[in-house]
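Reader: I would like to go through the terms used for this structure and hear the grounds for each. Please set the values against the definitions.

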Amino acid sequence: MIPPVTPASGDAYITLLGRSTWALVNAYHAVLREKGLRPEQVAIVTEEPYAQEASIAAEAVRIVSEGYGQVPAIRVEILPEADFIRAGQTIRSLAEEFIQQGLSVAIDITSGRKVTVAGALLAVSLAGLDIRHIYYLAMKSTDDVAKPYMMIPRQIQSIRDVMEDARART
């Protein structure tokens, strides 16, 4: 059982890095621009084969954040490849830590590989954690999207909040 915490007073953002660093960075930019999220802490979770891209993603998150007047603490967690259980444990642990700090937690699944996304979402769901947002940057086409968010036509991209969509349908 997770001890009670004070109401959320800031944001934390957990993002999953898979094959596309652009997808991670563009989803982050979209969340800041379109959803108004302003994370105090950002955790980039990736698997060993993609670890070399994590420092690039962290630097890009820092640059985008600064454009919105933010300077979040950014950290990287590296997982073994295709380890469903470890992915779930790591993301659950991060979410619990952020919630205990009084932060509102958002998870971005845009760039994550299926095993990491499934492990993350199952673990936080089974733990009953109060995840406020689950973001996904939907693209109508993947042609020519490996470039900055603002250079991709708005009509082919949409930042979705799975939690928001689920609440709207209940």
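Author: What follows takes the terms one by one, for a model that is predicted.

Reader: What makes up the chain, read along the sequence?

Author: The chain has 5 helices and 6 strands. Their order is β-α-β-α-β-α-β-α-β-β-α.

Reader: How many residues of strand S1 are buried, and what is concluded from that?

Author: Buried means under 20% relative accessible area. In S1 (residues 10-17), 8 of the 8 residues are buried, so the strand is largely enclosed by the rest of the structure. Gly10, Ala12, Ile14 and Leu16 are buried on one side, and Asp11, Tyr13, Thr15 and Leu17 are buried on the other, so both faces are covered. For the chain of 170 residues, the buried share is 47%.

Reader: Why is S1 said to pair with S2 and with S4?

Author: Two strands pair if there are at least two bridges between them. S1 has 7 bridges to S2 (residues 39-47) and 6 to S4 (residues 103-108), so both cases meet the cut-off. S1 runs parallel to S4, and its pairing with S2 is also in the parallel sense. Tyr13 has Ala106 as its bridge partner in S4 and stands opposite Val42 in S2.

Reader: What kind of unit do S1, helix H1 and S2 make?

Author: They form a β-α-β unit, and it is right-handed. The term applies because, with the strands pointing away from the viewer, the path from the first strand over the helix to the second runs clockwise.

Reader: What makes H1 mostly covered, and what covers it?

Author: Of its 15 residues, 11 are buried, including Leu24, Tyr28 and Val31. The elements covering these buried residues include S1, S2, H2, S4, S5 and S6.

Reader: What is the confidence of the model?

Author: The mean pLDDT of the chain is 89, and 86% of its residues reach 70 or more. Over residues 1-7 the pLDDT is below 50. Where pLDDT is low, the predicted coordinates should not be read in detail.

Key: Residues are numbered from 1 along each chain as its sequence is written. This is a predicted model: local features need pLDDT of at least 70, side-chain atom pairs count only at pLDDT 80 or more; totals for chains, interfaces and linings use all residues. Side-chain values use heavy atoms; hydrogens and water are left out. Buried means under 20% relative accessible area, exposed over 50%, partly exposed in between (1.4 Å probe, protein chains only). Helices (H or I, at least four residues) and strands (E, at least two) are DSSP runs, numbered from the N terminus. Contact means heavy atoms within 4.5 Å. pLDDT is the predictor's confidence in each residue, from 0 to 100.
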